[in-house]
Amino acid sequence: MKFEYRYFGNSQVNDSATATNMQFAPDTLRTPTYFAATLQPTLALAYREGISAMHDVVVSDLRTQPKDRTAYFAWLAENEASLLADFMAQEKELREKITPVRAELTRVQNQKAELIKPFYKAQRAYFDYLYKENRSMWIVLDPVITVHPDKVFFECFSRDESTYASLSCRHSVFKHLGEFACGTTNIDYSSELYDEFQKIRSYKETRFEIQADGFKVQTGHDEQYHEAKIDLPDSWMRGFLQVSTAMSLPAHKLDLHPMDVHGICHILRRKTERVGPRSIRFILEPGQPITMLFEPWGIKLVCQRSVFTGKEAAEVRIWGRRRLLTLERLIAVANKFTVMLMGTGLPSFWIAHLPDMDYTLGLSGWTANDWSRAGQFDLLAPRLDVDDATAQAVAHALSSQWSASTTSLAQQLQIDSKLVASALTGLMQAGRVVYDAVDQVARWRDLVREPINVASLRFASERESLAAQLVHKNLLLDLQSANLAGGGIEWKASVSASITNTKKLSKTMIRLDNDDRLVEGNCSCDYYVRNRMFRGPCEHMLAIRQVANNK
């Protein structure tokens, strides 16, 4: 998926003894979006920490980088036979010589280490310099900034596709609010800009501005323009789109005191895991302090300041916990943290509530499990067939007022709320809507300038494609449904293992809640036995769901 940006000048921060002026250069190929205001002095530090924490996500890539040993194995394959023959022939003689040679080798290695130490030190300094000067190459896509009548918010996605971050600022964060135009744009971003953010101080006036100059220039040949062209994999874009769907799903919600988050970071800084499991186990009991068990060390953290207010006891495990260290610099300025746990091995969202600002950190189930291929959250969300007229009506209503809840849109348009929810899900998958987990509303946000080819992203996984084939071939038998006591419906059926193996049947069950969201399921197929729900529902569950939607 190719993207093209055109910036008028560069984003920059002008810092002086009395003021800091932040000027962001927007993408001039998009609908004019601009904003100008002065930060409240008392909130300048909170803003600095929030925007800096986002930077840590933008440049993060925690994927394991294996050592390239191709050349070694090629050499070993060529010389293995001769090496073994030589060793066997000289075994006795070698045993007599090995002790003095080993002692000499150790002495030489120690000598070498002392001689080479200055070189390694200089090499490390050189690589640090390269990383600092060329850090922009780590940024896959410039951050997205959206201006709404009540909020301004930034969004970014990590390079390894496992972490999402958003910083939303209410207009009360600013004073002397100037003229602004609502919309979404990309902003020119660089490591130098991050360094300038660190100079923000509460005793200096901080002016925040998304420049409008580039939209006013008539000629496209001005020397101040510079263009950027990026070719992103579909998986990166699909992962970004699925975050909103994930935030709108049911989850265990709990509030943590900032010192409890400090306790988490303290343990992770103090300990280094060498064996698995590398997880945090949340033990949630209604009315009791939230308890966390850090594995494999068996360290228990009891959060006396944070009581679980949920109605049902639960135990949830999450992995990829070292990504939580990006929250460290927010601890001192946060009022509290809200955690949304979707389930064991599933994503979690950590929301830092700053004064008039909210920082949202979205983590996939574990670091190597990226948003695009493992979660399949678009498959779990409500998915009723929505006609074009309804989809356009929902899009028009939301775009005209910028943000709204599903209920308010349903009342405004006189449309069933489940149909509105499905229409919003489609808009989220098309990159036109983002879910605001703090205000619990859908917000209009065009992620990219050109419309996304939804057809190319229609099937986020092979599972969904296989499910569509099963439904098309009518390979579901004995479909039954039953209303659940607590609300929702349970569906059962015997589904053919595949379109080529119709004799083998998989016993499948799914449970949908009152909002038609898949909250539980099981199946006798090999995919479910191996993965459970950690990698999303199997094709047989999805096939039942598609048929159930038409009932």
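User: What does the accessible surface of the protein come to, and how much belongs to carbon and sulfur atoms?
Analyst: This is a predicted model, to be clear. The accessible surface is about 27400 Å². Carbon and sulfur atoms hold 51% of it.

User: And how many helices and strands?
Analyst: There are 15 helices and 26 strands. The protein has 551 residues, and 49% of them are buried.

User: Switching to aromatics. How many aromatic pairs are there?
Analyst: The count is seven. One of them is Phe35 with Phe208: ring centres 5.7 Å apart, planes at 70°. The planes are over 60 degrees apart, so that pair is edge-to-face.

User: Where do Phe35 and Phe208 lie?
Analyst: Phe35 is in strand 4 and Phe208 in strand 10, so the pair ties together parts 173 residues apart in sequence. Both residues are buried. They also belong to an aromatic cluster with Tyr47, Phe154, Phe174 and Phe180.

User: What about Phe282 and Trp350, how are their planes set?
Analyst: That pair is tilted, with 55° between the planes and 6.2 Å centre to centre. Phe282 sits in strand 13 and Trp350 in strand 18, so the pair links parts 68 residues apart in sequence. Both are buried.

User: Now helices. At what angle do helix 11 and helix 12 pack?
Analyst: About 115°, with the axes 9 Å apart. The crossing is right-handed.

User: Which residues meet there?
Analyst: Thr406, Leu409 and Ala410 from helix 11 meet Ser417, Val420, Ala421 and Leu424 from helix 12. By class, that contact has five nonpolar residues, two polar and no charged ones.

How values were computed: Residues numbered from 1 in each chain as written. Predicted model: local features only at pLDDT ≥ 70, side-chain atom pairs only at ≥ 80, totals over all residues. Heavy atoms only, no water. Helix = DSSP H or I, 4+ residues; strand = E, 2+ residues; numbered from the N terminus. Buried < 20%, exposed > 50% of the residue type's maximum accessible area, 1.4 Å probe, protein only. Areas by Shrake-Rupley, 256 points an atom, 1.4 Å probe, with all protein chains shown as cover. Axes fitted to C-alpha atoms, helices over the stretch in contact; angles between N-to-C directions. Left-handed = near helix turned anticlockwise from the far one by under 90°. Contact = heavy atoms within 4.5 Å. Nonpolar A, V, L, I, M, F, W, Y, C, P; charged D, E, K, R; others polar. Phe/Tyr/Trp six-rings, centres within 6.5 Å; stacked < 30°, edge-to-face > 60°.
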